[in-house]
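Thanks for coming, everyone. I'll walk you through one structure today. Please have a look at it first.

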Amino acid sequence: MAEARRYLLTGASSGIGEALARQLASQGYDLALAARREDNLQLLAGELRQAHGRSIAVLQLDVTDYAACQLAVEHAREALGGLDGVIANAGVGFAGKAGSGRFQRYRQTLETNLIGAIACLDAATELFRRQGHGHLVAIASVAGKRGLPASAGYSASKAGLISHMQSLDLELYGSDIATTTILPGYIDTPINQDSGPRPFLIDVDQGARLIARHIGKRSRSAYVPGWPWAVIGRLLPCLPTWLLARAL
Ligand SMILES: NC(=O)c1ccc[n+]([C@@H]2O[C@H](COP(=O)([O-])OP(=O)(O)OC[C@H]3O[C@@H](n4cnc5c(N)ncnc54)[C@H](OP(=O)(O)O)[C@@H]3O)[C@@H](O)[C@H]2O)c1
């Protein structure tokens, strides 16, 4: 199989996606950059073409338009002359207590982080099954390992995404289609800049470097950064409620 380096990356207009696009382009990936803010994507695409001479396509995409996600996978394949991977990174964060009358924010979080991600991944899975190879990457979160306070919609969206990736991992075991689930802790981006304490925060370039490394290695699942989140992520489902409720 030819080296797999043509990827569709959603949520590339800001934060982790933007920094990850820089990392991957510098490592020789060709990219289709997708998000709603097309101006940001055009600027980034121009920078990456100039700096790295890669093939960079821009796709304006709202991942809550699920039919458009299907088309985006097809457009990325056409624009890059083939598609070897999809990174479902687009997401929103909403911190707020359950029952505070903001159901619409929960709904938006689930429609973006869970259904939007699955819409992109499912369209890619169909293509990858047809062509016999590919790489499915999801940016989930440590917050998906256990429902956390003031995070009921966000945690649910990421738990659902982790579960979806586990299903894909089992279905595709032994095939040439790899799955990678990334579980970040706190990475400094606009999504969490107003959200209170951010323990073990790392900067976005460091986060993107680590994520790019796991994509390159096709890790099945990885906490970012590994320390201390791999320990915290494994403990979270087992810790007693009384302890967590007091600590958080
Ligand atoms: N930063 C962290 O600490 C952290 C931790 C765990 C997981 N994550 C996950 O990492 C991913 C990236 O987040 P970030 O930290 O980089 O936040 P960010 O800077 O706010 O970036 C979010 C990206 O998602 C895109 N997006 C949001 N809604 C979209 C929609 N409906 N359609 C298409 N694109 C949409 C945004 O682009 P447009 O607004 O231009 O559409 C933007 O490019 C998210 O899935 C987030 O949950 C982040």
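Let me start with a definition: helices and strands here are DSSP runs, numbered from the N terminus. With that numbering, Arg-218 sits in the loop between helix H6, residues 204–217, and strand S7, residues 221–224. One caution: this is a predicted model.

Now the overall picture. The protein has eight helices and seven strands. Its radius of gyration is 17 Å, close to the 18 Å that the globule rule gives for 248 residues, so it is as compact as a globular protein of that length. The C-alpha atoms fill a box of roughly 55 × 40 × 35 Å along the principal axes. Of the 248 residues, 44% count as buried. Take contacts between residues at least 6 apart in sequence: 68% of them join residues at least 24 apart.

Next, the core. The largest nonpolar core has 70 residues. Which of them touch the most other members? Leu-8, Leu-33, Val-86 and Cys-120 do. Helix H4 gives the most to this core, with nine residues. Look at Leu-8. Leaving out residues up to four places away in sequence, its contacts include Ala-32, Val-73, Leu-83 and Ile-87.

Now the ligand. There are 32 residues around it, and Gly-11, Gly-15, Arg-36, Arg-37 and Gly-91 come nearest. The shell divides into 13 nonpolar, 16 polar and three charged residues. Helices H1 and H4 each supply at least two residues of that shell.

On to helix H5, residues 152–171. H5 has 20 residues and reaches 29 Å from first C-alpha to last, close to the 28 Å expected. Its buried residues include Ser-157, Leu-161, His-164 and Leu-168. What do the buried residues of H5 pack against? They meet helix H4, strand S5 and strand S6.

Last, some backbone details. Most residues other than glycine have a negative phi, and most peptide bonds are trans. Here are some exceptions. Ala-150 has a positive phi of about 60°. Ala-150 lies in the loop between S5 and H5 and is partly exposed. Back to Arg-218: its phi is positive too, near 55°. Arg-218 is partly exposed, with 13 other C-beta atoms within 10 Å.

Then the cis bonds. Val-224 to Pro-225 is cis, with omega near -10°. Pro-225 is in the loop between S7 and helix H7. Trp-227 and Pro-228 are also joined by a cis peptide bond, omega about 0°. Pro-228 is found in H7.

Note on methods: Residues numbered from 1 in each chain as written. Predicted model: local features only at pLDDT ≥ 70, side-chain atom pairs only at ≥ 80, totals over all residues. Helix = DSSP H or I, 4+ residues; strand = E, 2+ residues; numbered from the N terminus. Expected span 1.5 Å × (residues − 1). Buried ≥ 20, exposed ≤ 12 C-beta atoms within 10 Å, placed from the backbone. Contact = placed C-beta atoms within 7 Å. Core = buried A, V, L, I, M, F, W, Y, C linked by C-beta atoms within 7 Å. Near = placed C-beta within 6 Å. Nonpolar A, V, L, I, M, F, W, Y, C, P; charged D, E, K, R; others polar. Rg over C-alpha atoms; globule rule 2.2 N^0.38 Å.
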